[in-house]
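The following note was prepared for a colleague who has the coordinates open.

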Amino acid sequence: MQVSSLNEVKIYSLSAGRSLPEWLSDRKKRALQKKDVDIRRRIELIQDFEMPTVSTKIKVSRDGQYIMAVGTYKPRIRCYDTYQLSQKFERCLDSEVVTFEILSDDYSKIVFLQCDRYVEFHSQHGHYYRTRIPKFGRDFSYHYPSCDLYFVGASSEVYRLNLEQGRFLNSLQTEASENNVCDINPVHYLFATGTAEGKVECWDPRTRSRVGLLDCALSSVTADTEVNCLPSISALKFDGALNIAVGTSTGQVLLYDLRSSNPLIVKDHQYGLPIKSIQFQHQLDLIISADSRIIKMWNRDTGKIFTSMEPEYDINDVCLYPNSGMLMTANEAPRMNIFYMPVLGPAPKWCSFLDNLTEELEENPESTVYDDYKFVTRKDLENLGLAHLIGSSLLRAYMHGFFMDIRLYHKAKMMANPFAYEEYRREKIRQKIEETRAQRVQLKKLPKVNKELALKLIEEEGEEQQAARKRKQKNLPSLLKDDRFKVMFENPDFQVDEQSEEFRLLNPLVSKISEKRKKKLKLLQEQEAREQEEEEEPEGKPSDAESSESSDDEKGWVEEVRKQRKLLRQEEKVKRQERFKEDQQTLLKPQFFEIKEGEEFRSFKDSAKKQKLMKKTLGDRLKLEEKLGTLSVSDTTVGSKQATFKLKKSEHQKKQQEAEKQHRQERKALRRSASHLKSKGGRGQRFH
């Protein structure tokens with residue numbers, strides 16, 4: 001966003017910056033935005049707010065939601081939805097558009113006057129109807145009470161087309177040879193047309209008769225102007241019920257009161273170019289007039305310049321967004337300009353963020369730098385011994401310090417510090433020494449972890465830098481300096497295992513390349529050791545190190561892969577032999593087994609018997625169980641068979657049952673002995 005200021009009026013150009021061509025893909029556009037700072041900082045208020053080549057006319061619908069613009073090439077109209085900040089639709093036409101008018105509040109009814117005498121009507125869905133006028137048209141206006149279109153052009157007649165009846169009405173006959181522009185007063189619907197002879201004729205649509213005539217060509221000539229040709233009317237605009245502004249082809253703007261034939265004020269653009277557009281700004285009583293080179297805003301009462309704008313390209317049309325400080329222009333360039341002036345009014349509601357943006361820019365203004373003055377603080381003045389100059393004309397107070405003449409500052413500094421030249425000389429010598437040191441061979445400080453990988457990255461980085469210099473491209477960031485991969489060269493858990501099968505098969509030539517890197521690592525370690533001992537930087541590589549860097553890189557990749565596979569098979573064979581020896585040693589060692597509590601160990605034959613029994617069929621196992629007495633099979637009355645099984649008791653259960661049986665017998669014996677003692681005691685008592 002570009003900011004300019006004239007007469008203390010800030011103008012924000014929202015379309016400043018480089019534009020991207022249409023044929024670029026979205027991916028390339030994003031890549032350019034990342035690389036180019038100007039493209040990244042630009043504000044794209046409305047997406048694709050441009051034409052392929054040139055834009056000729058631009059207008060805003062009455063509801064303020066849609067902005068419509070026409071241009072070339074090919075002839076087309078584009079409608080932009082301000083609520084979505086993007087293009088709503090685009091329609092191509094058969095011929096170029098001279099001017100157009102939006103009849104409805106939105107985009108549903110549009111009329112185009114084309115350069116081939118055709119008048120084309122568009123509805124919401126697209127093309128609706130087209131007709132032709134007798135002469136080439138230059139401008140037209142719409143009369144809302146009667147639904148009449150008034151066309152002016154290369155003829156003395158004003159053609160009337162009634163949209164309600166769908167036919168041409170009787171035309172108005174003027175005294176001019178040609179009519180350039182026309183307008184209808186929005187209050188009392190007076191029709192005015194500007195002629196090629198520099199006159200304005202006013203007609204009453206109700207009576208279809210002329211009611212007034214203004215000779216603007218004579219009034220536009222003042223004492224300071226030079227007349228080379230007869231001024232013709234090039235722009236016309238009503239303001240309220242009584243005022244009308246007229247623009248001439250020689251660059252003058254005349255403001256009239258309809259009750260007087262003399263202009264209230266005459267404003268000259270001083271460029272001699274035809275006036276293209278006239279707008280009224282009622283909040284500040286300004287008139288905005290534009291020719292192909294400049295847009296001027298001036299007071300309608302005094303004619304004093306308020307501010308002005310000179311775009312980079314020629315202007316074709318100017319549109320002031322209603323009740324805001326936004327101004328849009330159609331110009332001889334693909335991009336249409338958007339200007340925002342907070343003084344004229346607030347930003348439209350669909351881009352209200354512009355107010356906050358401009359307020360922040362005004363709160364943080366750019367500091368002004370003066371080349372012939374030096375800014376010093378009070379402390380600097382005390383150090384220079386110039387504190388006594390505070391309050392004099394030699395110092396000018398500004399913010400937290402003062403501005404003083406740069407020559408006075410240099411003289412005071414030389415007097416305060418006479419050895420400044422010696423310090424400057426010492427600093428220059430130090431810089432020269434550092435430059436010579438930079439030309440020496442620099443030691444590469446390698447990390448503790450993954451030294452070979454770091455050396456490989458350093459070599460690749462050097463090759464990429466050389467290639468980038470040849471191609472004049474920017475260098476890519478180094479992987480060693482990236483914080484995201486810092487742990488890979490610090491944590492030992494990330495150490496690359498070069499002896500693993502995956503690494504050796506994926507990098508078949510790594511063995512030869514790693515030999516070179518190992519030699520370089522040894523050389524670097526030797527250089528570091530020498531530096532620690534001698535505390536001096538090495539001036540270059542030894543000749544034997546350079547000669548030892550020869551290697552056999554001429555062999556093919558396939559042979560190296562075969563060698564690696566052969567080595568891997570041999571290593572696998574050695575590992576298998578080692579595993580077999582370990583298994584034999586474990587088989588010869590005695591093994592011990594733990595017996596569960598309550599079980600008795602008989603022999604290893606029981607397990608063999610159980611395995612043989614499990615291999616037999618169910619019938620054989622039943623017969624065996626019958627012989628042992630654990631199974632009894634009997635026939636029933638129905639004809640089926642009944643099988644009864646007796647579960648085998650384990651040794652622990654048998655012991656538990658015997659213990660319970662013995663315990664019951666002991667209790668019975670105790671009860672018998674107790675009853676016997678009682679019987680003896682009873683007899684003795686009776687005897688006594």
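What share of the 688 residues in the protein chain is buried?

1. Burial and surface. Buried residues account for 34% of the 688 residues in the protein chain. The accessible surface of the chain amounts to about 46600 Å², and carbon and sulfur atoms contribute 50% of that area.

2. Confidence. The model is predicted, and the average pLDDT of the protein chain is 80. A pLDDT of at least 70 is reached by 76% of the residues. Two segments call for separate mention. Over residues 535-554 the pLDDT stays under 50, and the model has 19 contacts beyond four places in sequence for this stretch. Residues 684-688 also stay under 50 in pLDDT, and for them the model has zero contacts beyond four places in sequence.

3. Overall make-up. The secondary structure of the protein chain consists of 15 helices and 34 strands. Among contacts with a separation of 6 or more, 45% link residues 24 or more positions apart.

4. An open sheet. Strands β3, β4, β5 and β6 form an open, antiparallel sheet in the order β3-β4-β5-β6. Because β3 (54-60) and β6 (86-92) each have a single partner strand, they stand at the edges, and one side of each is left without a neighbour in the sheet. From one strand to the next, the twist averages 20°.

5. The β3-β4 pairing. Strand β4 comprises residues 66-72 and runs antiparallel to β3, to which six bridges join it. Within this pairing, K57 stands opposite V70 in β4.

6. The largest nonpolar core. Which residues touch the most other members of this core? They are L45, F49, I58, I67, M326 and M328, out of 23 residues in the core. At least two core residues come from each of β3, β4, β28 (326-331) and β29 (337-340). Strand β28 supplies the largest share, three residues.

7. Surroundings of I58. Which residues does I58 touch, leaving aside those up to four places away in sequence? The list includes F49, I67 and M328, which are, like I58, among the residues that touch the most other members of the core. I58 also touches M68, A69, F100, D317, C319, T329, A330 and M336.

8. Points to keep in view. For the sheet, the strand order is β3-β4-β5-β6, with β3 and β6 at the edges. For the core, β3 and β4 each supply at least two residues. For confidence, residues 535-554 and residues 684-688 are stretches where pLDDT stays under 50.

Definitions and conventions
Residues are numbered from 1 along each chain as its sequence is written. This is a predicted model: local features need pLDDT of at least 70, side-chain atom pairs count only at pLDDT 80 or more; totals for chains, interfaces and linings use all residues. Side-chain values use heavy atoms; hydrogens and water are left out. pLDDT is the predictor's confidence in each residue, from 0 to 100. Contact means heavy atoms within 4.5 Å. Two strands pair if DSSP finds at least two bridges between them. Helices (H or I, at least four residues) and strands (E, at least two) are DSSP runs, numbered from the N terminus. Axes are lines fitted to C-alpha atoms, for helices over the stretch in contact, and angles run from 0 to 180 degrees between N-to-C directions. A nonpolar core is a set of buried Ala, Val, Leu, Ile, Met, Phe, Trp, Tyr and Cys residues joined through side-chain atoms within 4.5 Å. Buried means under 20% relative accessible area, exposed over 50%, partly exposed in between (1.4 Å probe, protein chains only). Accessible areas come from the Shrake-Rupley method with a 1.4 Å probe; for residues, only the protein chains shown count as cover.
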